[in-house]
Amino acid sequence: MKKSTLLSLLVVSSVFADAKLDLLQKQLNKQQMQIYALETKNTNQSASFSQNAYLPAIALILNMSAVARDVNNTAYEDLSIPGFIDYNPTNKNSKAELPFNKSRGFNLNYAEVAMHSAVDPYFDAFAIFHLHPHEFEIEEAYVQTRSLPYALRIKAGKFKSNFGRMNFKHQHSWHFDAQPIIYKALFGPDAISDAGIQLQWIAPTDTYIMTGIEALQGTNERSFGDKEINNLYVSYLKSSIDIGEDLSILGGISLAHGKNLTTHTTDVYGVDLTMREQLGAYSSLIWQSEYLQRNKKIDETTNKQGGFYTELIYRINRNYYCGVHYDAITKNDIDLQRYSANHINTDNLNRYLVKIDYKPFSMSRLRLSYSYDRTKVIAGERKNINTVMLSLNIAAGAHGAHNY
Amino acid sequence: MKKTILLTVLLATVIFAQVNVDATYSTLGAIAKKIGGDNVKVTILGSSKYDPHFIVPKPSLLSKLRRADLLIINGAGLELGWLPPLLRNANNPKIRNGANGLLDISHFVPMIDVPATVSRAFGDVHSQGNPHYTTDPHIVLIIARAIEKRLIEIDLDNAKAYQTNLINFTKKWQKYLKKYDADMQMCKTKKVVQYHQLFNYFLERYNIKSYGTIEPLPGISPSSKHTIWLINTIKDEKVKVILQDIYHEKRTAHFIADKTGARVALIPHDLGSLKDTGTLESFYNTIKEHLCR
């Protein structure tokens, strides 16, 4: 009897002990799970294989305008700038390229998509796509080195040349919506923009001195265009000094040497000078001028043509800018008989521009401008063109700062 | 003869080789000078006279960046509007993003005003938080430590000097802060409005409440509707002081002052932006004096 009581007691206690152990085991498991959860709290929670963090910076730029002009659209498309753009009804290729603000009425000039990203420790990549209403254009697409020694940098791909002052700038960053006449006349709207390679170097001096050389395909048929081999070489030297804290001066000389459609040599020389005086936190005065001359050899004659522009921009305050701009063709030693035979005067080719910008924020700009253009021949007559334009430019997304 | 000249020049450059330190703003530069001492040559890139968001990217800055061994930036987006193209064009791999020679101080500072969502529809909001931390004198020590660590990494030979400089500077600055904090305890100004959210770090440190900004949104010029709202707020909350920085227009602040009886206090945002604010001590003293007067 005693024995059986003892046994049953033992059995009971062992059963109870087992139950207690189970409970402890459960509690331990739970705590271990909690510890694990805490340990892994700060670990990677992203989707496996996600690369979203490496997406390039992307910006969207829209440029549009409303234009009033005293020339109808069909006539305007057939314009000439004597000696530079000579429209010939029998030759479709002689038409001027007019990608910006061509039409009286409304224009959507482009939607620009700009992307940039570091590729790896050695390269940065940039791409700027211009989407015109009926055209896709790779404006620029290039890689640039990040880590070359001795302040050297190589750029390769399709890019805007650093020739002169204006050449590398995109239309939306120009002080005026219209391209300087001399650039338009010598190179067309894209200026010198080509596939090629560029090497730049900055001198280790207190004064800014930068020099660069570029080898380019030379597809710009206005000045170059020899199709048999890459034909264009560009070099430049730029320097800048500061006078006091607020006045900065940038000057440059440039040379573009290539072969034109007749396989003879074209040389373009450029000099530029920019002065910028900071008048206050949001007020400044910029005076920018540039002279370009082209010596283009065709058969036995070398045609020498040149011109300049000069512009003065006054930033009044945080939101308002105003500016004036003057263009002139100063040298036009080329056969202009087709004009003189028809009694068309080709002297004094020049243009005046004035503008007011309103920038409610750094990403948007409304611009009202007036242009009096005395460089055009339209429908067999010298025609002085008046244009009033209201343009809107916006930059949305990761649009970086602009250069000086 | 020629050889000896060349040799002495070479020798001289080797002996007096200083670390070229560029700082985007003057307060950072002044702290770098305290830690670097004679072993560094400090160059300030952005003038403290102007808006730190929009420094003019003068080409002369390129030649300064080209020779820098260390570039100290404020970070948190303050340099976004001017520095990136300069950095790309300076062709200096030492200070490229990701290199040891680029020191972003905002990575060491506990950020305030970090927005939950960002859109440019809210104006020029920085996604990383408020970048204007240098107005808080307590953050000077965080900056000093970050600079010391990086200088040692870059210039190991002079590690001892940098360590000693940091210890000495820290002692001096802690003493200065003790007195500064005691003075601020006495400061009667407890409610302010400001032009831009420039002084939030300072205000938060000393429990001063900011009731609004003159600009309706960061980076947007004042509007009459918003100004009327601000005038009413100042009246309702009995705000006595309008904090005006040196680079924004001052007309709106004076207009509001006329309507409300509040006082316009001109506060420096960076070392040297007002007369006699050329040292760290005088810079922070001026903030205190102009605010509390």
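How many residues of domain 1 of chain B are in contact with domain 2 of chain B? I'll answer that after some housekeeping.

This is a predicted model: local features need pLDDT of at least 70, side-chain atom pairs count only at pLDDT 80 or more, and totals for chains, interfaces and linings use all residues. Residues are numbered from 1 along each chain as its sequence is written, while chains are lettered from A and ligands numbered from 1 in the order in which they are written.

Now the domains. Chain B is assigned domain 1, residues 13–177, and domain 2, residues 187–292; such bounds come from an automatic or database domain assignment. Taken over C-alpha atoms, the centres of the two domains of chain B are 25 Å apart. Back to the opening question: 26 residues of domain 1 of chain B are in contact with 23 residues of domain 2 of chain B. Two residues are in contact if their C-beta atoms, placed from the backbone, lie within 7 Å. On the domain 1 side, H2 and H5 of chain B are the elements that give two or more residues. H2(B) gives the largest share, 3 residues. By class, that side has 12 nonpolar, 9 polar and 5 charged residues. Here Ala, Val, Leu, Ile, Met, Phe, Trp, Tyr, Cys and Pro count as nonpolar, Asp, Glu, Lys and Arg as charged, and the others, Gly among them, as polar.

A word on the element names: helices (H or I, at least four residues) and strands (E, at least two) are DSSP runs, numbered from the N terminus.

Next, helix H2 of chain B, residues 26–36. It is largely enclosed by the rest of the structure, because 10 of its 11 residues are buried. Buried means 20 or more other C-beta atoms within 10 Å of the residue's own, exposed means 12 or fewer, and partly exposed is in between, with C-beta atoms placed from the backbone. Among the buried residues of H2(B) are Leu28(B), Ile31(B) and Lys34(B). Their cover includes strands S1 (19–23), S2 (40–44) and S3 (70–73), and helices H5 (139–154), H6 (159–185) and H10 (280–292), of chain B. Just after H2(B), Gly37(B) takes a positive phi of about 60°.

From Lys160(B) to Tyr180(B) is 20 residues in sequence and 30 Å in space, C-alpha to C-alpha.

On to the other chain. In chain B, 29 residues are in contact with 31 residues of chain A. H3 and helix H4 (83–89) of chain B each supply at least two residues of that side of chain B, and the largest share, 5 residues, comes from H3(B). Helix H3 of chain B, residues 59–66, is mostly covered, with 7 of its 8 residues buried. They include Pro59(B), Leu62(B) and Arg66(B).

Last, the sheet. Four strands of chain B form an open sheet in the order S6-S5-S7-S8, with parallel pairing. Strands pair if DSSP finds at least two bridges between them. The edge strands, S6 (209–213) and S8 (263–266) of chain B, each pair on one side only. S5 (residues 191–194) of chain B and S6(B) pair over 3 bridges, and Gln194(B) has Thr213(B) as its bridge partner in S6(B).
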